[in-house]
Amino acid sequence: MDTKRIAAERAVDYIQDGMVVGLGTGSTAYWAIQKLGLKVQEGLRIKAIATSIQSEELARELGVSLVSFSEMNEIDITIDGADEVDQELNLIKGGGGALLREKIVAAASKQLIVIVDESKLVKRLGAFPLPVEIVPFGHEVTIKKLYDLGCEPRLRQINNETYITDNSNYIVDCHFGHIEDPQQLHNKLNLIPGVVDNGLFVNMTSRVVVGYQGGEISELEK
Ligand code: 5RP
């Protein structure tokens with residue numbers, strides 16, 4: 001059973017004609033974009049804004065019409081994945097490296113619908129290392145300050161090369177273990193000079209659609 005796919009396709013049912021839609025990033029969001037593309041080919045009229053170059057390219061290939069923030073300033077619904085979802089519907093995001101654009105798009109959205117398989121549901125955030133986007137200049141000292149906050153920071157590498165985000169920044173994956181107070185940690189991280197943003201999404205989620213191995217789907221609301 002493709003648990004990510006069933007959750008993604010269910011979330012697309014919330015998209016109506018005329019909406020501006022935020023497109024998430026990752027293997028779950030992939031299925032939402034595919035389904036939206038199909039609906040567009042069947043006549044659904046939407047405009048979309050993507051959270052990564054990868055999602056933008058996929059949407060374009062499928063014939064989804066794309067807009068930028070210069071053409072509109074509010075998004076009706078964003079559909080995006082997550083790495084962890086806690087009981088308050090707070091999230092860790094950024095496993096795919098797109099956390100900054102994802103947060104900008106989520107913050108501009110009337111509703112954020114999160115799509116996950118059951119493995120992403122946790123009691124408390126933090127087993128998944130928290131991605132933090134930092135600027136390359138002075139990254140050594142920024143990483144030291146992340147360490148001083150009580151985590152084990154790892155500069156993200158892909159194929160032995162430092163990973164570069166769509167915004168030309170670096171990602172540091174921060175192993176905090178359990179995060180007691182996501183809002184407080186979020187604020188502390190974003191006060192460090194050199195940190196652009198972090199993967200904690202606190203009080204941003206409107207709804208979570210969860211796909212289960214048996215084919216069931218559940219929906220969680222705040
Ligand atoms: C990308 C993200 C993704 O939403 C998150 O990593 C989940 O990915 P997937 O759907 O592939 O499990 O935050 O920056």
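The model is predicted: local features need pLDDT of at least 70, side-chain atom pairs count only at pLDDT 80 or more, and totals for chains, interfaces and linings use all residues. Residues are numbered from 1 along each chain as its sequence is written, and side-chain values use heavy atoms, with hydrogens and water left out.

**Domains**

- The chain is divided into domain 1 (3-121 + 202-214) and domain 2 (130-198). These bounds come from an automatic or database domain assignment.
- The C-alpha centres of domain 1 and domain 2 are 24 Å apart.
- Across the boundary, 15 residues of domain 1 are in contact with 17 residues of domain 2. Contact means heavy atoms within 4.5 Å.

**Helix 1 and helix 2**

- Helices are DSSP runs of H or I with at least four residues, numbered from the N terminus.
- The axes of helix 1 (residues 3-12) and helix 2 come within 8 Å and cross at roughly 45°. Axes are lines fitted to C-alpha atoms, for helices over the stretch in contact, and angles run from 0 to 180 degrees between N-to-C directions.
- Helix 1 and helix 2 are therefore oblique to each other. Angles under 35 degrees count as roughly parallel, over 145 as roughly antiparallel, 65 to 115 as roughly perpendicular and the rest as oblique.
- The crossing of helix 1 and helix 2 is right-handed, meaning that the near helix is turned clockwise from the far one by less than a right angle.
- Helix 1 contributes Lys4, Arg5, Ala8, Glu9 and Val12 to the contact, and helix 2 contributes Ser27, Thr28, Trp31, Ala32, Lys35, Leu36 and Lys39.
- This contact of helix 1 with helix 2 has five nonpolar, two polar and five charged residues. Ala, Val, Leu, Ile, Met, Phe, Trp, Tyr, Cys and Pro count as nonpolar, Asp, Glu, Lys and Arg as charged, and the others, Gly among them, as polar.

**Helix 2 and helix 3**

- The axes of helix 2 (residues 27-41) and helix 3 (residues 53-61) come within 9 Å, crossing at roughly 25°.
- Helix 2 and helix 3 are therefore roughly parallel, and their crossing is right-handed.
- Tyr30, Ile33 and Gln34 of helix 2 meet Ser55, Leu58 and Ala59 of helix 3.

- Three strands form an open sheet in the order 4-5-13, with antiparallel pairing. Strands are DSSP runs of E with at least two residues, and two strands pair if DSSP finds at least two bridges between them.
- Strand 4 (84-85) and strand 13 (200-201) are the edges, each with a single partner strand, so one side of each has no neighbour in the sheet.
- Two bridges join strand 5 (residues 91-92) to strand 13. Isoleucine 92 has leucine 200 of strand 13 as its bridge partner.
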